[in-house]
Amino acid sequence: MTRRAAPLVRAAWALAAAFAVTLGILLAAGAPPFATLAVMAEGGLGSQAAALRTLAAFTPLLLCGAALCVTFAANLWNIGVEGQITMGAIFAQGCLRAADPAGGLPAGLDLALGLAASALGGLVWALLAGMLRTHGRVHEIFSGLGLNFVAMGVSLWLILGPWKRPGMASMSGTETLDQALWLPALGGRPMSMVGPILAVAAFVGAAWLLRRTFFGLTLAAVRQNALAATRLGLRPGLRILAAMGICGALAGLAGGILVAGLYHRLIPSISGNYGYTAILAVLLASGSLLALPAACLFFAVLTVGSVQLPLSLSLDSSLAGVLQGVLVLTLFAARRLRPLSRRREP
Amino acid sequence: MTVDYASALVAAVFFAAAPLMLAALGETVSERGGVINLSMDGTVLFAAMAAFAVARGCGNPWLGLLAGAGAGAAIALILAVFGLFLGASELAVGFVLTLFCRELAYFMGHGVARQPGPDLGSLSVPGLSDIPFLGQALFGQSPVVLLSLAALGLVWWFLARTRPGLVLRAVGESPRAAASRGVAVRRVQLLCCLAGGALAGCAGGLYSLSVKPGWGHPQGCEGAGWIALAIVIFGGWKPVRVAFGALFFAAIQVAGIALQDALPGLSGALFQIAPFPVMILTLLAVNLRRSTAFREAARRVPLLGRLMPRSAGGAPGAIAGALDKGF
């Protein structure tokens with residue numbers, strides 16, 4: 001086995017093991033295993049509409065995946081992405097509902113401002129978590145998670161309170177935005193292509209930042225030895241804040257694209273678990289930037305495909321999350337399962 | 001506010017605190033042995049589903065609670081195998097397990113969602129429940145409260161007063177030193193991880209069988225495991241303080257519900273998320289108080305010295321800095 005092939009062999013083992021565990025779970029739940037997997041594949045890729053829905057899920061996943069690569073590069077467990085998406089969506093909705101489509105600014109500028117506002121929203125939320133870490137010694141797992149719940153509460157309060165539809169507050173979201181403020185879509189489809197293009201651009205930008213710039217190098221230094229980085233005058237606290245800020249801006253942008261390009265309004269739990277799923281995708285890609293888009297695409301297919309399950313087989317749609325978790329866990333196992341040559345020090 | 005109303009509030013606090021206390025005590029046992037079990041939230045949720053499904057199947061809620069404990073231990077076993085024997089990162093595996101168990105619970109529990117099922121009922125200890133004010137809260141309402149207090153006593157006694165408890169603490173403080181004294185470090189860590197998982201599983205069972213009875217796609221106990229993790233840090237890894245932490249967070253939940261009646265203008269969603277900002281603020285206060293900067297400031301300003309933690313405290317040596325770090 002050559003060194004280059006080793007990760008692929010491990011991935012094959014992980015896939016096989018994940019498949020076996022999945023079959024076990026499906027059989028235990030009393031579901032027909034192969035029919036279930038067929039429904040998921042069909043729902044994610046079976047038609048043009050399904051492929052578009054998959055692309056719509058792929059966009060925030062890739063944006064958040066790129067965002068998380070930056071924070072993982074600084075050894076941060078940023079699980080606050082979910083809240084950063086929500087905050088981005090809130091800022092975008094606030095900016096766009098204040099915009100006047102009839103007069104004033106050209107519509108393109110309105111949209112650009114809306115997306116910029118979404119990035120700002122995510123940035124603020126991520127910096128809050130980052131400052132709690134650097135100045136308040138609160139681990140980012142707790143601040144991120146707490147802020148996720150806070151962002152969700154804020155969005156619910158806005159939907160049911162100040163931004164409610166005229167006449168009645170509804171859990172189906174705020175009033176739909178003016179059509180002039182939607183991201184341009186091709187051929188009358190509900191989804192815009194601007195989102196995926198921005199996501200790919202953001203991913204390339206993040207990869208360049210991490211692999212080809214001095215900033216990326218300093219993040220690696222902070223990750224590997226924070227004390228040495230301090231001695232070198234790299235100011236790890238500042239780098240951590242910068243990494244959090246970039247991550248938050250990208251995650252916020254994902255929220256803005258969900259508002260302006262897909263839902264065209266603010267809905268409850270708009271972040272749709274993309275923040276958590278993106279963490280699993282980054283863990284599945286295990287640090288490889290090349291593998292990340294593939295992992296995101298695969299998870300997008302699973303997520304979209306599982307939406308059909310309650311209708312066609314009366315199973316819960318959380319099967320997608322189960323499969324994603326199994327896959328990451330089996331990959332962890334495949335990576336570590338070698339003959340016990342290198343024992344861990346007690 | 002009448003005395004009756006106040007004692008009803010106290011009773012509600014103890015009732016809501018019971019599962020939080022069990023989960024936080026479970027994590028305390030695990031972390032005192034040097035294993036960070038980040039999968040608490042998923043464990044509690046999955047165990048809640050397992051407990052409800054089994055209780056509904058057999059018609060006996062106590063069997064359900066046992067099944068919940070078993071489910072929690074099984075998840076802890078996965079974590080231990082990955083973290084202790086395969087050398088994977090405990091934080092990464094724990095986090096993936098949290099997400100995985102949550103989704104698995106919703107998936108496997110689809111069949112029993114929104115179905116009626118048995119619950120643990122109420123229990124009144126004759127004599128003790130007549131003690132004024134606290135009697136009704138502790139001994140007069142539910143076996144759940146008694147269970148949580150029993151677990152507190154047991155965990156405290158085990159950690160502070162028994163030989164195996166001492167071994168567990170030694171392993172958590174310094175695995176190397178314990179190993180050189182002939183302790184089988186990984187076996188001890190495996191056992192404490194399993195025990196902690198079983199306690200967290202019991203907490204899940206208490207949710208679905210008593211505190212928030214039933215099962216559904218949002219069950220109602222989501223996020224409780226994360227609060228439990230924060231309570232362990234808040235309580236300085238000491239069982240009795242951890243129990244007070246659980247009571248504190250339960251009091252916030254109860255106050256939210258009580259205030260909802262008083263201030264109907266504010267949405268219920270805001271009160272549901274109240275524990276989370278409080279969680280961040282308490283961690284901020286606790287960690288700042290333990291920081292070197294605060295110690296130095298306290299040396300100069302006498303008034304601040306009164307706020308200094310009396311004992312060195314802090315995390316067990318093996319996991320120091322993993323969840324309460326700074327620069």
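**Exercise 1. How many residues has H6(A), and how far does H6(A) reach from its first C-alpha to its last?**

Conventions first. The model is predicted: local features need pLDDT of at least 70, side-chain atom pairs count only at pLDDT 80 or more, and totals for chains, interfaces and linings use all residues. Residues are numbered from 1 along each chain as its sequence is written, and chains are lettered from A and ligands numbered from 1 in the order in which they are written.

Solution. 
1. Helices (H or I, at least four residues) and strands (E, at least two) are DSSP runs, numbered from the N terminus.
2. H6(A) has 21 residues and spans 30 Å between its first and last C-alpha.
3. The expected span is 1.5 Å times one less than the number of residues; for H6(A) this gives 30 Å, and the actual reach is close to that.
4. A residue is buried if 20 or more other C-beta atoms, placed from the backbone, lie within 10 Å of its own, exposed if 12 or fewer, and partly exposed in between.
5. Of the 21 residues of H6(A), 17 are buried, so the helix is largely enclosed by the rest of the structure.

**Exercise 2. Describe the side of chain A that touches chain B.**

Solution. 
1. Contact means C-beta atoms, placed from the backbone, within 7 Å. The contact takes 41 residues from chain A and 42 residues from chain B.
2. On chain A, helices H5 (107-136), H6 (140-160), H10 (236-263), H11 (274-285) and H14 (319-336) each supply at least two residues.
3. H6(A) gives the largest share, 11 residues.
4. For the classes, Ala, Val, Leu, Ile, Met, Phe, Trp, Tyr, Cys and Pro count as nonpolar, Asp, Glu, Lys and Arg as charged, and the others, Gly among them, as polar. This side of chain A has 26 nonpolar, 11 polar and 4 charged residues.

**Exercise 3. Characterise the packing of H2(B) and H3(B).**

Solution. 
1. Axes are lines fitted to C-alpha atoms, for helices over the stretch in contact, and angles run from 0 to 180 degrees between N-to-C directions.
2. H2(B) (residues 40-58) and H3(B) (residues 61-85) pack at about 145°, with axes 7 Å apart.
3. The contact residues include Phe46(B), Ala50(B) and Val54(B) of H2(B), and Gly64(B), Gly68(B) and Ile75(B) of H3(B).
4. By class, the contact has 15 nonpolar, 4 polar and no charged residues.

**Exercise 4. Summarise the overall form of chain B.**

Solution. 
1. Chain B has 15 helices and 0 strands.
2. The radius of gyration is taken over C-alpha atoms, and the globule rule is 2.2 Å times the number of residues to the power 0.38. For chain B the radius is 20 Å, close to the 20 Å that the rule gives for 327 residues, so chain B is as compact as a globular protein of that length.
3. Its C-alpha atoms fill a box of roughly 55 × 50 × 40 Å along the principal axes.
4. Of the 327 residues of chain B, 52% count as buried.

How values were computed: Two residues are in contact if their C-beta atoms, placed from the backbone, lie within 7 Å.
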